[in-house]
Amino acid sequence: MNEYVIIGLSSLGALFILLAAVGVVRMPDLYLRISVTTKAATLGIGLLLIAAGVYFNEFGIYSRVMAIILFMLLTAPVGAHMIGRASYFTGVKLWRGSKLDDLKGKYHPKSHELASEHETKENENQ
Amino acid sequence: MLIAVISGFVFALLVPWIMAQSKSKTTIWTALLPLAIFTFFLLHLPEIQNDGSVKVSYSWVPSIGINLDFYLDGLSMLFVLLISGIGSLVFVYTSTYLKGHPFLDRFYAYLSMFMASMLGLVLSDNIYTLFIFWELTSISSFFLIGFNNDNQASRRSALTALSVTGIGGLFLLAAMVGLGHTAQVNQISEMSSLSEIIQADNLYGWIIVFLFLAAFTKSAQFPFHFWLPGAMKAPTPVSTYLHSATMVKAGIYLLARFSPVLGGHEWWNGTLITVGAITMVYAAIHALFRLDLKGILAYSTISALGILVFLIGLGTSAAFLAAAVFILVHALYKATLFLVTGIIDHETGTRDISQLGGLNKVMLPVGVAALLAAISNAGIPPSFGFVGKDLIYDATLGMGDLAWILTTLAVITNIALLFAGFLAGIKPFFGKLPERFAKLHLPGPAMYIPPLILGVLCMFFGLLPFLLESSLIQPVVSSFTETLPDIHLKLWHGFNLILLLSAVTIGAGTALYFIIKPSEKLLAMVSRFERISPESIAMLASGGFTRFSSGWTKFFQNGYLRYYLITILSFLSLLLAYRLFTGVTLYLDTSSMTAVTFYEVVVLVIMAVAILFTVFSKSRLVAVASMGVVGYSFCLIFLFYSAPDLAMTQFSIDTLTVILFVLVLYNLPKYLKLSETRDRIRDGLLSLFFGALISLLTIEVMNESVDKETSQYYAENAYVLGKGKNVVNVILVDFRGFDTMVEITVLAIAAIGVFGLLKLHLRSTEKE
Amino acid sequence: MEILLVIIIGLLYAAGIYMMLRRSLVKLIIGLILLGNGANLLIFLLGKIVKGKPPIIEETEKMLGELYADPVPQALILTAIVISFGLQAFAIILIKRAYKVVKTDDLDEMNATDEDL
Amino acid sequence: MSIYDYLYYIILPVLAVSTLLIFIRFIIGPSLSDRVVSLDLLLTTGIGIITIYSIHTNQPAFLDIAMIMALIAFLGTVAFSYYLEKREKNE
Amino acid sequence: MNNPFIVLPVIFQLFVAVILMFSWNSKNLQKLISVIGSLIALLISLLLLIQVRQEGIQSMQAGGWMAPFGITFVADTFSALLVLLTAISGLAVSVFSVGSIRNARVKFGYFPILHLLIMGLSGAFLTGDIFNLYVWFEIIIISSFVLLTIGGEKAQIEGAIKYVTMNLLASVIFLTAIAILYGLTGSLNMADLSLQIAQVENRGLVNVTAILFLIGFGIKSAVFPLYFWLPASYHTPPPAISAIFGGLLTKVGVYALLRVFSLIFVPDDFLASVIAILAMLTMLTGGVGALIQNNIRKVFSYLIICHIGFMLAGLGIYSTIAIAGAIFYLVHDIIVKTNLFMVSGLIFKFKGTYSMRLLGGFYKDKPLLSLLMAVPLFSLVGIPPLSGFWGKLMLIKGAIATSNILIIAFIILGSFLTLFIIARMWAAVFWKDGAALPKKKQIKYFEELKPLKRKAMISSIAFLSLISLAIGFGAEWIMQMAIHIAENLMDPSAYIQAVLGI
Amino acid sequence: MIKTRFLSNLLLSFIWLAVTGSFSFVNFVFGFVLSFFLMWLISKDRRENKYFYRGPKLIAFVFFFLYELIKANLQVAYDVITPSFYMKPGIIKIPLTAKSDLEITLLGNLISLTPGTLSLDVSDDRKVLYVHAMYVHDRDEFIADIKNGFERKLLEILR
Amino acid sequence: MKTLIFKTASAYLLPLLLLFSVFILLRGHYLPGGGFVGGLMAAIAFVIHSFANGIERTKNIVKFHPGFLMPVGLLLALLAGALPLLFGETFMTGLWMKQAVPVIGSVGTALFFDTGVYLVVIGVTLTIIFTISEGL
Ligand code: NA
Ligand code: NA
């Protein structure tokens with residue numbers, strides 16, 4: 001029984017990772033790549049880890065698996081946010097098929113302060 | 001005897017202190033030391049007669065047979081007496097000559113040190129201590145010649161003198177070592193019986209070459225003579241002491257001393273005769289055209305030294321006898337002339353012979369001394385010089401087939417020397433006294449009495465030569481040769497060929513004196529040949545050597561780090577390749593290797609590409625990132641091959657390294673100035689070659705599989721004895737804990753370093 | 001597999017040296033790091049590699065079983081890695097300092113100490 | 001086909017192929033951010049490989065490496081973001 | 001035999017460094033601790049040497065793990081003597097630093113790192129484990145790297161980069177060699193390696209490995225053509241740092257060469273001739289390099305290279321006498337080179353320059369000091385019976401015994417160049433009239449220092465000068481040891497016995 | 001309050017482990033559920049009760065999140081695998097009801113974790129969250145989805 | 001970097017990582033890990049925190065100068081090595097308590113040594129990162 005669970009979990013996990021890998025190659029802009037990858041990979045790894053937990057079926061292993069998943073859930077989105085944000089500063093362009101950009105002009109060019117509504121005067125001048 | 005030698009050194013150390021203490025300005029008391037030594041050895045004179053000798057030995061470095069062995073025989077006695085006797089007079093002379101000089105204390109210190117070294121040199125029985133004292137004479141003479149050290153010429157000639165004698169000294173060392181090796185004893189006194197063994201040894205040739213180089217440089221033989229005229233920059237007491245009476249004779253002493261051991265071989269005698277002959281003639285002729293008194297004396301000294309080498313080269317007992325006597329003769333008259341020159345220089349302020357004359361009128365005793373010396377120099381009876389010259393001709397005439405040639409050379413030399421002696425000893429004192437010298441006075445007695453004493457001795461021994469016969473000369477000769485000749489020193493041998501030769505010498509020389517008037521014009525004419533003189537050649541060579549040095553140094557140390565690396569790596573690659581391809585049979589044993597798996601290959605491919613990407617990427621950050629990829633692939637490799645600890649560590653460290661790079665790199669400009677394609681191809685080839693060598697080497701080492709005893713031990717005992725189950729960790733903290741201790745220390749140093757590197761800002765550029 | 005690793009070792013040495021021969025200080029340090037990695041891999045490989053058998057004693061055992069990876073090279077590499085890290089860290093910071101003082105990353109412009117006599 | 005074979009012949013190769021694909025993105029770039037994202041993803045995939053490998057070799061100890069990776073992996077991303085922002089500010 | 005005392009010189013330095021780190025904020029306390037610590041270290045090393053001389057080779061198996069399983073430390077006469085010399089140099093430099101190192105540096109960890117450097121040197125001399133030797137080398141590199149760079153301006157940084165790059169390259173080569181040794185024998189213990197390597201059938205590989213060691217250690221000893229880091233860097237840091245570098249850094253490479261090429265590898269004809277040729281070229285390169293320099297510290301730097309050639313010649317000749325010569329020379333050189341760099345520092349303190357063209361007048365103004373400085377200068381030249389002479393004598397003896405006239409010629413050349421260079425330096429710095437140089441604002445001159453600092457600088461120079469004189473006049477004492485060491489190197493069975501008990 | 005509850009819950013489960021002497025994961029989960037139930041039984045205060053009904057809500061939220069995760073993944077997967085792109089990406093400003101650091105961070109992270117969306121940044125006055133999304137067919141609909149979905153459910157648990 | 005999300009996350013990551021680092025340290029003798037990796041983890045915890053909150057805040061959390069950890073760690077390692085000398089053993093001989101301590105297992109000088117390593121590594125890493133970040 002365990003075997004089938006493991007095979008199922010690992011297949012699904014591997015599939016998600018493969019998906020992320022294909023996505024990262026195919027997606028046309030950076031933000032899309034981030035979008036596609038962080039999640040798919042996190043999900044995939046989570047599944048693989050659970051498979052490992054099932055395989056070893058020990059308390060210590062389960063707790064470690066849980067810890068790893070927790071760490072990933074905690075760090076992966078933060079990392080994605082950080083690099084996405086930084087890329088925006090550095091002027092990484094959105095895909096030309098992009099529909100709208102609410103963020104445009106909201107960053108103060110020097111201090112990197114982010115406004116919610118009103119654009120700063122300096123930004124208007126740009 | 002040790003005390004006699006050591007006392008000079010101790011005295012050298014004490015003199016400045018004593019002088020600082022004493023209020024009196026007179027320093028004549030310093031002469032008490034050499035006088036005491038002179039007396040001491042004079043009292044030993046009877047002991048060395050009839051083949052006697054005195055031997056003392058003090059242990060020093062016994063493990064290599066270097067001991068303070070002293071040996072007093074006729075030869076050393078002759079030198080010892082010269083050194084301490086003339087030394088006493090020089091010390092006295094100096095007390096007035098350099099009166100009030102601010103560094104007089106140092107001068108005495110060097111002088112005593114020099115005297116002590118000379119004594120040590122001639123008394124040493126041990127070849128190594130002989131060398132040691134030899135070197136000490138060079139070094140103390142360096143200080144003496146450069147005594148007037150604010151004068152650039154003086155510094156330069158000190159340097160030249162030291163260079164020439166210094167390199168000679170090193171050759172002496174080689175010679176002595178060779179001698180010690182072939183003879184298997186270090187005592188010279190025990191070597192004469194081993195003469196045949198030594199001369200049969202393969203090293204014999206080298207030994208004498210080295211020894212000659214030492215002796216010829218020290219004794220200013222052609223072509224190494226050029227330092228001596230330069231050394232005349234030294235204060236006159238120095239010239240007197242070192243460059244006429246003692247130090248330059250050290251080379252003669254050396255040849256004489258080793259004649260019984262190394263002599264008799266045709267290489268030995270042939271070389272000495274040739275070099276001696278060239279030197280005596282060459283220098284004698286050179287002396288003819290000098291204007292500077294000291295220059296004249298310097299060249300005539302060189303010539304005299306040539307005569308001595310020549311005589312030792314002849315190797316007959318007659319020649320040895322002549323040499324023994326001539327050493328003494330020359331020392332007496334030449335020292336006198338030098339001291340006189342010093343007085344002239346001191347009083348008139350010039351040494352230009354063309355400007356001097358008639359000084360007899362103001363300083364008669366000096367003139368007398370000079371005259372006596374000149375007579376002895378000329379070999380005019382009844383001077384001691386006459387005795388000496390007779391013996392020389394006697395020696396050359398006894399040389400069989402070569403007799404005429406050798407005698408002719410000796411006569412020519414003697415004629416020129418006579419001329420030089422007259423020039424130095426007679427010309428300044430006779431004739432018209434220039435007006436500006438009319439008001440000169442006789443210097444203090446401490447200055448004119450020493451030359452006078454020596455001058456008188458020149459005559460005294462000429463009149464009573466037998467005084468020296470058995471007491472000194474016979475022991476001297478007996479230390480040269482086993483077969484003792486029947487020695488009778490006398491003034492009058494009756495009418496014979498020798499007397500004729502003497503007469504010719506005196507006549508021709510005197511005639512020359514009246515014909516040739518030294519002048520700037522003559523000097524300039526001779527100077528034209530200086531371009532091919534040994535000195536110019538040496539200077540040319542030294543200039544060339546400097547250029548070579550500069551070129552060599554700048555070629556290798558050119559400032560470019562990458563060339564340094566290329567040099568090192570090319571050298572390493574060449575050696576490795578040579579050893580690998582000539583010494584190792586290359587083969588590949590795949591039997592024990594693990595299978596190739598897909599996922600590993602993928603990791604390795606990624607790694608390889610990442611490496612190349614790191615190398616060729618155009619941006620630093622990308623290079624750093626792909627270096628990160630390399631590191632992470634490493635991590636997987638470590639994991640696949642059962643090294644979890646390594647994987648962990650590699651991963652953490654790689655991440656930290658990347659962070660550090662990132663933190664540092666943000667404010668650096670873009671990569672600039674890519675190197676030229678040619679350079680890159682060259683570097684690429686070198687790198688690939690080296691990488692390939694390492695790969696090959698790795699394969700070959702892998703073929704040699706061994707059982708690893710240590711690993712087995714760890715596997716068995718990590719838990720049982722080390723109480724840990726992670727064997728790697730047990731090794732790190734226990735089996736090889738010391739490595740780890742050092743490792744964390746390295747980290748701590750790095751951290752302190754980083755802290756200081758970024759935080760320490762020295763105010764302005766204050767330097768330590 | 002070993003053969004592939006051997007090639008990687010050679011590549012690491014070659015790449016490290018090639019990087020060291022460039023004119024940039026940053027590349028020089030990267031080169032040194034690559035070279036160090038090469039040496040580490042060499043130690044690893046010459047200690048004989050074993051798959052999937054880390055030198056960790058089983059919970060129920062008192063010593064390692066028949067087949068295990070040689071722990072000695074691992075310990076050596078660990079030490080070497082850590083030491084290199086210390087040196088690297090300092091060297092990397094030196095880039096910063098050098099840039100501040102010498103105003104360049106170009107090694108060819110850092111030859112004053114050899115030039116004046 | 002045993003579970004080991006399945007993991008070994010199916011899952012690991014799939015993960016390896018994924019790694020290759022991600023690495024291609026790393027090489028292509030074009031921006032530094034792209035490389036950072038793919039570096040991060042490489043590590044994530046690495047964690048997957050480690051997990052499967054630990055099952056395959058029956059070595060739970062390997063999971064610890066996965067744990068450390070999970071914890072530290074994003075530090076690189078953070079650092080690069082930091083760099084990008086700093087560089088932007090400085091210019 | 002398991003004598004923990006023998007690592008005390010190492011551990012104690014670490015302890016001192018730790019205490020110094022704890023007193024991070026008190027400059028004066030650090031100075032005091034450093035000097036007292038160095039004194040105690042000197043005492044310990046002296047006791048160690050005495051013990052080794054009396055009781056024979058001592059060893060310690062760290063952690064109580066018998067060789068070859070743990071890390072072994074071995075104190076034979078060679079090691080103990082070098083540890084003692086390190087302690088002597090260390091004390092002198094420590095005292096000299098009290099006088100000459102700026103407080104700003106002290107605030108940033110100068111003293112702890114100095115002691116860790118000395119620890120590294122002592123460790124390298126004492127270890128009997130080849131990988132541990134690598135580790136000690138690394139600590140030497142990092143601490144010297146830090147000392148070289150910190151607070152440095154352009155020149156220092158440039159020098160440091162060259163220094164560290166080549167030394168790290170040496171480390172990698174060394175590490176590669178260790179990997180191969182381990183692959184061939186499975187051992188890291190040097191005594192054990194001595195036995196194991198003899199049993200390796202593939203001699204070709206052993207020879208190749210020997211090349212790696214030769215180059216790795218050759219770089220560290222600054223042998224031609226691997227020396228470039230030395231002239232590029234040694235003249236750049238503060239003199240106290242140059243002093244410890246000049247005295248000891250290259251010597252540890254020489255030590256390693258002598259140890260490894262007697263214990264583990266015995267040079268075959270090819271290797272011996274390679275070493276001999278390198279030795280000769282090293283003498284030449286160092287000599288001609290020094291000849292054209294104007295900066296006195298650069299002169300000394302090149303002379304270090306020149307004299308490394310002498311020591312290497314001993315290895316190239318490979319006989320007891322020649323190796324004894326190399327060892328005697330090593331002993332002399334450590335003391336005298338340390339001293340000379342301190343002397344140059346003192347000269348700089350007086351005049352504010354290292355340039356021979358500008359310097360002058362010392363002899364007139366400071367006769368006693370000149371006399372003091374003459375001791376290391378003329379010891380370096382090897383004016384007999386000063387310390388530099390004896391090693392050279394033995395080397396020539398060794399060369400004569402093997403009829404190696406070419407080596408003799410090069411030794412003579414090297415010695416002559418040294419003599420000429422030092423004499424010229426004497427003429428330039430001491431004899432020549434020193435025009436009063438314009439005082440530079442950024443330099444704190446000797447007269448402006450506190451009396452304690454002045455005394456510290458002079459006394460450390462005097463201390464080493466006395467030691468030099470003692471080595472020269474008491475040559476018998478060192479000579480016995482040198483011969484004993486050389487015999488033990490040529491026949492390492494006693495060493496192996498002390499470590500492995502066989 | 002919640003923390004103390006949670007900690008006592010944890011403590012009890014560890015005691016359970018110790019008592020039973022079987023250190024397995026299943027046993028731990030069992031112990032946790034058991035002690036949770038027991039604590040709920042013995043609790044009196046309504047305020048304390050918050051902890052107990054929040055638990056089930058949390059579990060419900062986890063399932064909601066997983067559902068979203070898988071749904072979005074499939075959507076993205078389809079887009080990634082098929083040759084042409086159906087996506088309409090863009091950056092959208094979402095006004096925030098969430099106030100505290102934890103609330104905003106969790107919300108942002110959850111959004112990021114869902115395939116197809118990425119929290120780019122929070123404005124400095126914490127009023128809006130900028131989200132990059134792959135499928136923005138209608139801005140208002142998208143904002144409403146987030147606010148009614150993730151945000152509301154999340155705040156229910158946290159507050 | 002002023003990002004709320006990162007800042008908040010870092011506040012949770014810090015204790016988590018620190019706890020984990022101790023775990024890694026303690027189990028090193030039995031399973032992969034040990035003082036070095038443990039120390040790195042701890043240091044990285046602070047580094048992450050400093051990225052999110054700025055050096056000053058992190059320094060306030062650490063409370064003492066990280067440089068201080070280096071001599072402390074070195075001294076600990078040194079004493080762990082020297083302790084056996086008091087028992088007549090040679091330097092760095094492992095001494096072990098008779099009974100195993102729960103959770104940690106056998107306690108001996110090796111553990112203290114490893115703890116020394118742990119402290120030094122934290123001190124070193126933090127010193128380096130803090131120093132360089134301050135200069136930015
Ligand atoms: Na995301
Ligand atoms: Na999403």
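Analyst: Let's take a few features one by one. Keep in mind that this is a predicted model.

User: Let's start simple. Which pattern does chain A follow along the sequence?

Analyst: Reading along, chain A goes α-α-α-α, with four helices and zero strands. Buried residues make up 62% of its 126 residues.

User: Next, salt bridges. What's the general idea, and how many does the structure hold?

Analyst: Side chains of opposite charge can pair when their charged atoms come close. Over all chains, the structure holds 30 salt bridges. One of them joins D:D64 and A:R64, with the closest N and O atoms 2.6 Å apart. That pair crosses between chains: D:D64 sits in helix α3 (residues 61-90) of chain D, and A:R64 in helix α3 (residues 59-89) of chain A.

User: Are D:D64 and A:R64 buried or exposed?

Analyst: Both D:D64 and A:R64 are buried. Now try a pair within one chain: E:K364 and E:D433 meet through their side chains at 3.3 Å, N to O. E:K364 belongs to helix α15 (residues 362-365) of chain E, while E:D433 is in the loop between α18 (405-431) and α19 (451-473), so this bridge ties together parts that are 69 residues apart in sequence. E:K364 counts as partly exposed because its relative accessibility is 39%, and E:D433 is partly exposed too, at 43%.

User: Which residues do salt bridges with shared partners join into one network?

Analyst: The network consists of B:R562, B:D679, B:R682, B:D683 and C:R22. Within it, B:R682 and B:D683 form a salt bridge whose closest N and O atoms are 3.0 Å apart. B:R682 is partly exposed, at 32% relative accessibility, whereas B:D683 is buried, at 2%.

User: On to aromatic rings. How many aromatic pairs are there, and what should I look at in one?

Analyst: There are 101 aromatic pairs over all chains. Look at the distance between ring centres and the angle between the planes.

User: Why are F:F61 and F:F64 separated by about one helical turn?

Analyst: Because they are three residues apart in helix α3 (residues 46-81) of chain F. Both F:F61 and F:F64 are buried. Ring pairs can also link up into a cluster, and one such cluster has members from chains B and E, including B:F103, B:Y110, E:W426 and E:W431.

User: Last one: the backbone. Where are cis peptide bonds?

Analyst: A cis peptide bond joins D:G29 and D:P30, with omega about 0 degrees, and D:P30 lies in the loop between α1 (3-28) and α2 (32-56) of chain D. In chain E, the bond from E:P384 to E:P385 is cis as well, with omega near 0 degrees. E:P385 is in the loop between α16 (367-381) and α17 (387-401).

User: Which residue other than glycine has a phi near 55 degrees?

Analyst: That's E:Y318, with its positive phi, in the loop between α13 (296-317) and α14 (320-351) of chain E. E:Y318 counts as buried because its relative accessibility is 18%. B:K723 also has a positive phi, near 60 degrees. B:K723 lies in the loop between α28 (709-717) and α29 (727-735) of chain B and counts as partly exposed, at 29% relative accessibility.

Definitions and conventions: Residues are numbered from 1 along each chain as its sequence is written. Chains are lettered from A and ligands numbered from 1 in the order in which they are written. This is a predicted model: local features need pLDDT of at least 70, side-chain atom pairs count only at pLDDT 80 or more; totals for chains, interfaces and linings use all residues. Side-chain values use heavy atoms; hydrogens and water are left out. Rings of Phe, Tyr and Trp (its six-membered ring) pair if their centres lie within 6.5 Å; planes under 30 degrees apart count as stacked, over 60 as edge-to-face and the rest as tilted. Helices (H or I, at least four residues) and strands (E, at least two) are DSSP runs, numbered from the N terminus. Buried means under 20% relative accessible area, exposed over 50%, partly exposed in between (1.4 Å probe, protein chains only). A salt bridge is a side-chain nitrogen of Lys or Arg within 4 Å of a carboxyl oxygen of Asp or Glu.
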